[in-house]
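Some notes on the helix packing follow, as numbered points. Please read them with the model open.

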Amino acid sequence: MSRIALLIEYNGKAYHGSQTQKEVMTVQQDLESAIAILAKQRVPVIFAGRTDAGVHARGQVAHFDWPFEQSEIDLEKLETSLNGITGKGMSIVKAQLVPNEFSARRGAMSREYVYRILNRKHASALLCDTHFLVRQPLDLKLLTDAALELQGKHNFSAFRSTSSDPREISSPICRVLRSEILNKGEGELEFWIRADHFVYNMVRIIVGTLVEIGLHKRSIESIACALEKLDRNMSGPTAPPWGLTLHRVIYPDEYNLFKDQN
């Protein structure tokens, strides 16, 4: 067996999330089906993290065990073959041999997401699948200051969906390493957040809260209050999935993983 890591892009609109589900197409099902054709057997794929239906990925990472010796593997041919079999909503950007102890999920040090907002009166025909349209003017100074309140180590229970699967609930204690708003101009805003881990729907709930602050519907102090009270009712609504992209997953330098891609 040879363990291979993949760097994957996908358009969330094309899939019902990343993990296998019955009777709908997901990223995992599409990829595992393609690998099975090449390997002539089922090969399980492990992802760095789950994404919901509609959420995009620029830097999703997965690994699988290829049932051939390393000397028999042509990585460029594997990339091309997988891209020829998987759906148009997915692209295998890079394949790399990794040590057998590497785990795309357990080995990740942090993950970084970007949530894109279009703040203007009218919708965009070009950005409708990747940006959350907010028609009312947002207070960018408030948004910027509120985002900074999230940095550091906090209990994010107030920013976790109440519909979380109990089997999937991890510790709500997250260390946020980056939290900032970027103004790209012409109404395009980006919220960047990187943390050691995330609870379910954390980024989308944070964005929903920030938007309400930017619209003067809640105070900037509500962030600290929600973090202190651990009450989901004290944070904002869940922003729609199509604005969210998994940008990258960070691993220890020893793996030298996809360094030329980031």
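1. A crossing is called left-handed if the near helix is turned anticlockwise from the far one by less than a right angle, and right-handed if clockwise. Helices (H or I, at least four residues) and strands (E, at least two) are DSSP runs, numbered from the N terminus. By that convention, H3 passes H4 in a right-handed crossing.

2. The model is predicted: local features need pLDDT of at least 70 and side-chain atom pairs count only at pLDDT 80 or more, while totals for chains, interfaces and linings use all residues. Residues are numbered from 1 along each chain as its sequence is written, and side-chain values use heavy atoms, with hydrogens and water left out.

3. Helix H3 (residues 140-148) packs on helix H4 (residues 202-214) at an angle of about 140°, the axes being 8 Å apart. Axes are lines fitted to C-alpha atoms, for helices over the stretch in contact, and angles run from 0 to 180 degrees between N-to-C directions. H3 and H4 are therefore oblique to each other (under 35 degrees is roughly parallel, over 145 roughly antiparallel, 65 to 115 roughly perpendicular, the rest oblique).

4. On the H3 side the contact (heavy atoms within 4.5 Å) is made by Leu-142, Leu-143, Ala-146 and Ala-147, and on the H4 side by Leu-210, Val-211, Ile-213 and Gly-214. These residues comprise seven nonpolar, one polar and no charged. Ala, Val, Leu, Ile, Met, Phe, Trp, Tyr, Cys and Pro count as nonpolar, Asp, Glu, Lys and Arg as charged, and the others, Gly among them, as polar.

5. H4 has 13 residues and spans 18 Å from first to last C-alpha, close to the 18 Å expected at 1.5 Å a residue (1.5 Å times one less than the number of residues). Of its 13 residues, 13 are buried, so H4 is largely enclosed by the rest of the structure. Buried means under 20% relative accessible area, exposed over 50%, partly exposed in between (1.4 Å probe, protein chains only). Just after H4, His-216 has a positive phi of about 65°.

6. Helix H1 (residues 27-39) and helix H2 (residues 75-85) pack at about 125°, with axes 9 Å apart. That makes H1 oblique to H2, and H1 passes H2 in a right-handed crossing. Ala-34, Ile-35, Ile-37 and Leu-38 of H1 meet Leu-78, Ser-81, Leu-82 and Ile-85 of H2; by class, the contact has seven nonpolar, one polar and no charged residues.

7. Ile-35, in helix H1, counts as buried at 0% relative accessibility. Leaving aside residues up to four places away in sequence, Ile-35 touches Val-43, Val-45, Phe-64, Trp-66 and Leu-82. Ile-35 and Ile-85 are 50 residues apart in sequence and 8.8 Å apart in space, C-alpha to C-alpha.
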